[in-house]
Amino acid sequence: MQDDTAFRQETRTWLAANCPASMRSYMPVGETCSGGRHFQFISDDQKVWMQRMAERGWTAPTWPTEYGGGGLTKQHAKILHDELNAITARSPLTSMGLSMIGPALLEFGSEELKQQHLPAIVRGDIRWCQGYSEPNAGSDLAGLQAKAEDRGDHFIVNGQKVWTTYADKADWMFCLVRTDLNSAKHSGISLVLFDMTTPGVSARPILLISGSSPFCETFLDDVRVEKNQVVGDINAGWSIAKYLLTHEREMIGGIGSTTAQKTVGARAIDAVGLREGRLADEILRGEVADWEIDFMSHQLTTERVRDESTSSSLGNASAMLKLYGTELNKRRCELLLALEGLDAMRWDESSEARLWLRSKGNSIEGGTSEIQLNIIAKRILGLG
Ligand SMILES: Cc1cc2nc3c(=O)[nH]c(=O)nc-3n(C[C@H](O)[C@H](O)[C@H](O)COP(=O)(O)OP(=O)(O)OC[C@H]3O[C@@H](n4cnc5c(N)ncnc54)[C@H](O)[C@@H]3O)c2cc1C
C-alpha cells in the first residue's frame, strides 16, 4: 500500500488535472448531483466530474473495488476528503444509494445483490428512495403495516408509505414491509428492493411550507417483488433497518459540519463586512462566534467518533451526531436570516428564507430529536 505522503501527492495531482474549475466552488442549493436515470446535469462539467470520480471509485472511496468502490483505507479516504476540501471541490455525487442502502448491502446483502446494485450506485446510474415511514408509523417505525404476501418465488406488496423523499424522481426503493403478520411487532419485518417502474407503484408529491415538493406519498398496489431482492434474511429486516438508520443519521448529522457551504462567519463577512468594521449588534456578533466554535467542535467530534469506530457503522453515536448536527444547521439558518435581514426574504430556490423553512425538518427526518435523545439516554448513557 502507498504511504500517506505519496498518496496525498498523487491525489493532489490527479484532482488538479481532473476537477473542472466550475466544480471548485461552494455548492448552491439545487445543484447537488444525485444521479439516476432521469437526472439533468446542470453542466457538462458536473457530468464529467461525477464520471471521472466514479471511474476511480472515489464516489464511494472505501467500498471494495470489486463493487466499483475506491478500495481506500480509512486513512487514505480522509486524505482524499482533505484534498477535496482544500480546492473546495463539490461532492461529485450525493445519494441515498451511497449513504444508506449501499452500506446496508455491503453488510447484509447477498453476493448477487451486491453485484447488481453497488456498481450502479457508485456510477450514479440508479437513484434510490427510502420507503420506511407510513401514515401510522414514523417514530414508531416497527408499527408499519405495508404487507408482503408470500407467493412462492416472489411477494405481492400492498400498503402506503409517506414522506418518501424524491419517490417521484427515484429509480428504485428500499422498503420495509411486513412479511409475517402473526409474529411480534419487531419480528416479521423484511427489507425489500424494487424498481419504481414496477406496476402498482405510484408516487404523489406533497407540497411543503418551503415552497418545494421533495416528498411524496407512495402507494403500493399489488407490487411484485422477487424474493432475491430481500436484503438479508426474510423476517430479519428490523436489525438491518436500524443499521441503515445509523448511516442515515451520520449522513444527516454531517449537515452541521459540512464544508460544502460557507460558515456563518464567512457569510457575515460577505453580508456586513466584518473585516472593515465590527458587526454592530454585539449579541449577534457573539452568536456568530459561538456558532463558529460549535461548528468546529462538531467537525472535530465527528472526526474523532469516526476515527475511534472499529466497525462499519458508528452505531448509537450516530444519534448524537444527528441531534447536534441538525440543531447546528437550524441555528445556522436562523443566524443567516438575522445577518441578512430583508435580503434573506427572497423566494428563489436558494433564498435564506426557504432554507430556514426547510431546516425545520432536519430534526424530524431520519428520526426526530426526541427519539435521538431517547437513544442517547438509554443506549449511550445507560439511563432507564
Ligand atoms: C424532511 C423529511 C424527510 C423525510 N424523508 C423520509 C424518507 O425519505 N423516507 C421515509 O420513510 N420517511 C421520511 N421522513 C419521515 C420521518 O422519518 C418521520 O417524519 C419521523 O420519523 C417522525 O415520524 P412522524 O412524522 O410520524 O411523527 P410521530 O412519530 O408521530 O411524532 C410526533 C411527535 O411525537 C414525538 N414522539 C414520538 N414518539 C416519541 C417517543 N417515544 N418519545 C418522545 N417523543 C416521541 C416526536 O418526537 C414528534 O415530536 C422524512 C421526514 C422529513 C421531515
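## The ligand shell

The structure described here is a predicted model. The shell around the ligand counts 19 residues, and those that come nearest are Ser133, Ser139, Trp163, Thr368 and Glu370. By type, the shell consists of six nonpolar residues, 10 polar residues and three charged residues.

Two elements of secondary structure, β3 (154-165) and α11 (369-380), each supply at least two residues of this shell. Strand β3 accounts for the largest share, with four residues.

## Polar contacts and cover of the ligand

For Glu370, it is an N or O atom of the side chain that lies 2.6 Å from an oxygen atom of the ligand. Asn374 also takes part through its side chain, a polar atom of which is 3.1 Å from a nitrogen atom of the ligand. On its own, the ligand has an accessible area of 970 Å², and the protein covers 66% of that area.

## Domain arrangement

The domain assignment divides the chain into domain 1 (4-99), domain 2 (128-235) and domain 3 (240-380). Eight residues of domain 1 and 14 residues of domain 3 take part in the contact.

## Buried positions

Helix α10 (residues 352-359) contains Arg354. Is this arginine, Arg354, buried or exposed? Arg354 counts as buried because its relative accessible area is 13%, and the limit for a buried residue is under 20%. When neighbours within four places in sequence are left aside, the contacts of Arg354 are Ser210, Gly211, Ser212, Trp347, Asp348 and Glu349.

Gly109 belongs to the loop between α4 and α5 (111-122). With a relative accessible area of 12%, Gly109 is likewise buried. Not counting residues up to four places away in sequence, Gly109 touches Ala104, Lys114 and Val231. The C-alpha atoms of Gly109 and Ile240 are 9.9 Å apart in space, although 131 residues separate the two in sequence.

Ser313 is placed in the loop between α8 (282-308) and α9. Its relative accessibility is 11%, and Ser313 therefore counts as buried. The side chain of Ser313 reaches the backbone nitrogen of Gly315 at a distance of 2.8 Å. Apart from neighbours within four places in sequence, Ser313 is in contact with Tyr243, Thr246 and His247.

## An exposed loop residue

Leu342 is part of the loop between α9 (317-340) and α10. Why does Leu342 count as exposed? Leu342 has a relative accessibility of 76%, and a residue is exposed when this value is over 50%. The distance between the C-alpha atoms of Leu342 and Glu248 is 35 Å, and the two residues are 94 places apart along the chain.

## Residues with positive phi

Most residues other than glycine have a negative phi. Thr88 has a phi near 50°, a positive value in a residue other than glycine. Thr88 is located in the loop between α3 (74-86) and α4 (96-108). Its relative accessibility of 26% makes Thr88 partly exposed.

The phi of Asn235 is also positive, near 75°, again in a residue other than glycine. Where does Asn235 lie? Asn235 is found in the loop between β8 (230-231) and α6 (237-253). Asn235 counts as partly exposed because its relative accessibility is 31%, a value that falls between the limits of 20% and 50%.

Technical notes: Residues numbered from 1 in each chain as written. Predicted model: local features only at pLDDT ≥ 70, side-chain atom pairs only at ≥ 80, totals over all residues. Heavy atoms only, no water. Near = heavy atom within 4 Å. Polar contact = N/O pair within 3.5 Å; in protein donor to acceptor, adjacent residues only side chain to side chain. Areas by Shrake-Rupley, 256 points an atom, 1.4 Å probe, with all protein chains shown as cover. Nonpolar A, V, L, I, M, F, W, Y, C, P; charged D, E, K, R; others polar. Buried < 20%, exposed > 50% of the residue type's maximum accessible area, 1.4 Å probe, protein only. Contact = heavy atoms within 4.5 Å. Domains from an automatic or database assignment.
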